[in-house]
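Please look at the sequence and the structure shown here, and then follow the text through a strand pairing, a helix packing and some aromatic rings.

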Amino acid sequence: MLTNAPRGTKDILPDSVGEWTYVEQKIRDLCRRYGYQEIRTPMFEHTELFHRGIGEGTDVVDKEMYTFEDRGGRSITLRPENTASAVRAYLQNKLYGDSSLVKLFYIGSMFRYDRPQAGRMREFHQFGIEALGEANPMVDAEVILVAIDFLQSLGLTGLELALNSVGCPECRAKYRQALQDYFRPHLDDLCGDCKDRFERSPLRILDCKVDADKPYMADAPKITDYLCDECREHFQQVQACLQSAGVTFTLDPRLVRGLDYYTKTAFEIKYPPLGAQSAVAGGGRYDGLIEEIGGKPTPAVGFATGLERVLLALEKQGLVPAQDKGTDAFIVALGESAQAPAFRLLTQLRRAGLTASMDYAGRSMKAQMKQANKAGARFALILGEDEVKANCVQLKDMAKSEQTQVAFDNIIDKLCAEVKG
C-alpha cells in the first residue's frame, strides 16, 4: 500500500524526534571532548567498495546489501555500514595530510536487508567513530572508552565489555588452518552457511548463531593461542590501558565480529537487559582496510553502535528524558482587526528567541484558550479590538490564572524577563 512505509523502515514522528536529538547531542558533546570531527558520507557507494572493504563471504556482502544498477550501468549499493565509506573519503580527500592521526565521527542511516525485529531495522541509524593513522594500543583503548562513555552518559549501567584479538594476516593464516583441521570432521554437522564459510572464512563459523550451542564449538581452537609476538604484545597493552582507566572486561576468544577487515583488537559491548539483542556497540582495529581500498598501509581503529537499539535500551529502563513540548506564549487574536497586529507580535516574539504560536482559524476565545492549554503555553496574550485601539495586550499567566494589561511596546521585554529569568 502507498500509505505504508516499506517493511523494515520507520517514520520518526514529532513526538519521538526529541529522543533522537537528545542522543545526538550527547554524541556531539562527547566527540568534541575526545577530539573527533564529524563527517557525512554519501548514502550510496560503488558496490566494489563494500566487496573489497567488508569482504566476500560475510553475511553483509552475501545476503544483506541493497545493490542496484544505476542508469549509467554502474553497480551501486546503499551503505550497509560506514567504515568503508569513511576510509574512502579519507583517501579521496587526502585527510591524511592534515595530521598523523585523523579522528572522525558520523551519525547516519545504514541499510541492510535483514529480518526486521525490535532494535533491528532494514534502514537503521549508526553512530560510529574512526581513528585513522596511529598503531599505538592506546588508540584502541580510547575508542573503547568513547563507546563506554557514550552509553554511560545516557544512564545505562551494567554494561559488559568483551575483548579479543583476531591477530594479523600472518598469525591468522595459521589459525585459519587450525580451525579447518578442527572443523573438518564436523563438516557434515555444520549448517549450510558454515559449510560455505569453511573454505572462504572459517573464523566466521565461530560467530554462527545456528551452530553456537553444538558441543564441539566450545573446544574449537582459540585464536589467542596462535597470536604472533607483535599481536600478543599489542593485545596485552590494550588490556593494560583499559585497566589503567578503570575499565573492566572479559576475554572472549570466540569474538570475531562479522566483518573481514578486522585485525588485532576486536570488542563488543553488551547491555544484558535487552536479551538476545543485547549487543549495543562493537568494533576493533582494521589495519589492512585502507591498503585494501587503494591507500598506503595505514593503521586504523573504530566502533559503531545502532541508535535504534540504544533507544530501545533507554526506553526499557525509563531513561529517555521527558521532552519539553511547552510554548512560551500563545496569542489569542479576537476579531478581524486583531489579526495583523497579532501576527506582527508573533513574529517579534519568535525573533526575540521565544517559542510562540497563534490560532489562524479565527475561532472563539474559548476555543483558542483551550488550544493554548493544549500547547502547554506559559502565557496567553489576548488581543482584541479594544486592545488594538489601546495599543496594549492582556497577558495571562496560565499557571496562576492571573491577568494583567501590558503596553504593546513593552510586551516583548516583559515576556523575555518572565521566561528567561
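**Strands, helices and rings**

T67 has T77 in β4 as its bridge partner. The model in which this pairing is found is a predicted one. Strand β4 covers residues 75–78 and is joined to β3 by three bridges, the two strands running antiparallel.

These two strands belong to an open sheet of three strands, ordered β2-β4-β3 and paired antiparallel. At the edges lie β2 (44–46) and β3 (67–69), each of which pairs on one side only. From one strand to the next, the twist averages 35 degrees.

Next come the helices. Two packed helices are described by the angle between their axes and by the distance between those axes. For helix α1 (residues 14–34) and helix α5 (residues 137–153), the angle is about 145 degrees and the axes are 10 Å apart. The crossing of α1 and α5 is right-handed.

Which residues in α1 and α5 meet? On the α1 side they are Y22, V23, K26, I27, L30 and Y34, and on the α5 side E142, L145, V146, D149, F150 and S153. Sorted by class, the contact of α1 with α5 has eight nonpolar residues, one polar residue and three charged residues.

Are Y90 and Y96 buried, or partly exposed? Y90 is buried, because its relative accessible area of 3% is under the 20% cut-off. Y96 has a relative accessible area of 40% and is partly exposed.

The rings of F127 and F150 also form a pair, with centres 5.1 Å apart and planes at 70 degrees, so this pair is edge-to-face. Because F127 lies in strand β6 (residues 123–132) and F150 in helix α5, the pair ties together parts that are 23 residues apart in sequence. F127 is buried, with a relative accessible area of 0%, and F150, at 1% relative accessibility, counts as buried. Ring pairs link F127 and F150 with F303 into a cluster.

How values were computed:
Residues are numbered from 1 along each chain as its sequence is written. This is a predicted model: local features need pLDDT of at least 70, side-chain atom pairs count only at pLDDT 80 or more; totals for chains, interfaces and linings use all residues. Side-chain values use heavy atoms; hydrogens and water are left out. Axes are lines fitted to C-alpha atoms, for helices over the stretch in contact, and angles run from 0 to 180 degrees between N-to-C directions. Helices (H or I, at least four residues) and strands (E, at least two) are DSSP runs, numbered from the N terminus. A crossing is left-handed if the near helix is turned anticlockwise from the far one by less than a right angle, and right-handed if clockwise. Contact means heavy atoms within 4.5 Å. Ala, Val, Leu, Ile, Met, Phe, Trp, Tyr, Cys and Pro count as nonpolar, Asp, Glu, Lys and Arg as charged, and the others, Gly among them, as polar. Two strands pair if DSSP finds at least two bridges between them. Buried means under 20% relative accessible area, exposed over 50%, partly exposed in between (1.4 Å probe, protein chains only). Rings of Phe, Tyr and Trp (its six-membered ring) pair if their centres lie within 6.5 Å; planes under 30 degrees apart count as stacked, over 60 as edge-to-face and the rest as tilted.
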